[in-house]
Amino acid sequence: MTESRTRRQPTARQRALLSELEALFLAEGFSQFTLDDLAARLRCSKSTLYALAPSKEQLAVKVVTHFFKGAAELLEERIAGIDDARKILGEYLAGISEYLNRASAAFMTDIAEFAPARDAYQLNSRAAAARIRSFIDHGVTDGVFREVHARLIAEMAGLIIEGIQTGVVGQRTGVTDAEAFTALSELLLGGLAPKMS
């Protein structure tokens, strides 16, 4: 029991390495690196990296998951204490855009081309779509958003998020994921605004 608890709780050094790996992967992607390359870049041993994950592929998934978990936590902090659904939705989508802006094209391409990392992104995207759905429901209930079929609008937003996540939106339009989330924010906030009488 103590051994499994130790495995779940990374050491301070492991947390620091994970942050360094995240910064490296965000800047340069991860597919081209070998474990030897990573050990050299981070000035650590391969066994130190193996303590984080048993293979380079699992290490990549761990870092991608860490990146998106960090995004989710920061987004929740960003909207904490905001009651107005319009402001919550705007802040949430702006936060996604800003967070994804940290990621290079190489990182996003590597995620798209590596199924386990893509699955981590997809899981995060589904969670974001569910949060957006809750913001829309809240806004319609409070009268901040006009009376719409909230579930339909939220489902459409979810499909757009899926299109961003799978790379379809970027391939067809030539925009980054961050730019796509900014456009989604403008689309939703404009479309949900109460009609002027």
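Because the model is predicted, local features need a pLDDT of at least 70 and side-chain atom pairs count only at pLDDT 80 or more, while totals for chains, interfaces and linings use all residues. Residues are numbered from 1 along each chain as its sequence is written, and side-chain values use heavy atoms, with hydrogens and water left out.

The secondary structure of the protein chain comes to 11 helices and 0 strands; helices (H or I, at least four residues) and strands (E, at least two) are DSSP runs, numbered from the N terminus. The C-alpha atoms fill a box of roughly 65 × 40 × 20 Å along the principal axes. Of the 197 residues, 40% count as buried. Here buried means under 20% relative accessible area, exposed means over 50%, and partly exposed lies in between (1.4 Å probe, protein chains only). The chain exposes about 11000 Å², of which carbon and sulfur atoms supply 55%; these areas come from the Shrake-Rupley method with a 1.4 Å probe, and for residues only the protein chains shown count as cover. Among contacts (heavy atoms within 4.5 Å) with a separation of 6 or more, 68% join residues 24 or more positions apart.

The buried residues of H2 are Gln14, Leu17, Leu18, Leu21, Glu22, Leu24, Phe25 and Leu26, and they pack against H3, H4, H5, H6 and H7. Just after H2 comes Gly29, with a positive phi of about 80°.

Helix H5 (56-79) has 24 residues and reaches 35 Å from its first C-alpha to its last, close to the 34 Å expected. Buried positions in H5 include Leu59, Val63, Val64, Phe67, Phe68, Leu75 and Ile79. The buried residues of this helix pack against H2, H3, H4, H6, H7 and H8. Gly81 follows H5, and its phi is positive too, near 85°.

The aromatic side chains deserve a look of their own. A search of the whole structure finds 9 aromatic pairs. Rings of Phe, Tyr and Trp (its six-membered ring) pair if their centres lie within 6.5 Å; planes under 30 degrees apart count as stacked, over 60 as edge-to-face and the rest as tilted. The rings of Phe68 and Tyr121 have centres 4.8 Å apart and planes at 10°, so this pair is stacked. Phe68 belongs to H5 and Tyr121 to helix H8 (residues 115-142), so the pair links parts of the chain 53 residues apart. Both Phe68 and Tyr121 are buried. These two residues belong to one aromatic cluster, together with Phe25, Phe30, Phe33, Phe67, Tyr99, Phe107 and Phe114. Over the ring of Tyr99 sits the charged end of Arg102, 4.7 Å from the ring centre; for this, NZ of Lys or CZ of Arg must be within 6 Å of the ring centre and within 35 degrees of the ring normal.

Helix H8 also holds Ser125, which is buried at a relative accessible area of 6%. Leaving aside neighbours within four places in sequence, Ser125 is in contact with Ile161 and Gln165.

Helix H11 (residues 177-192) has 16 residues and reaches 22 Å, close to the 22 Å expected. Its buried residues include Ala178, Phe181, Leu184, Leu188 and Leu192. Seen down the axis of H11, the buried residues fall within an arc of 160°, so they line one face of the helix; the arc is that of the directions from the helix axis to the C-beta atoms. The face turned away from the buried side carries the exposed residues Glu186, Leu187 and Gly190. Partners of the buried residues of H11 are H6, H7, H8, H9 and H10.

Two loop residues complete the picture. Arg43 lies between helix H3 (35-42) and H4 and is exposed, with a relative accessible area of 77%. Most residues other than glycine have a negative phi, whereas phi of Arg43 is positive, near 55°. Pro54 is found in the loop between H4 and H5 and is also exposed, at 58%.

Definitions and conventions: Expected span 1.5 Å × (residues − 1).
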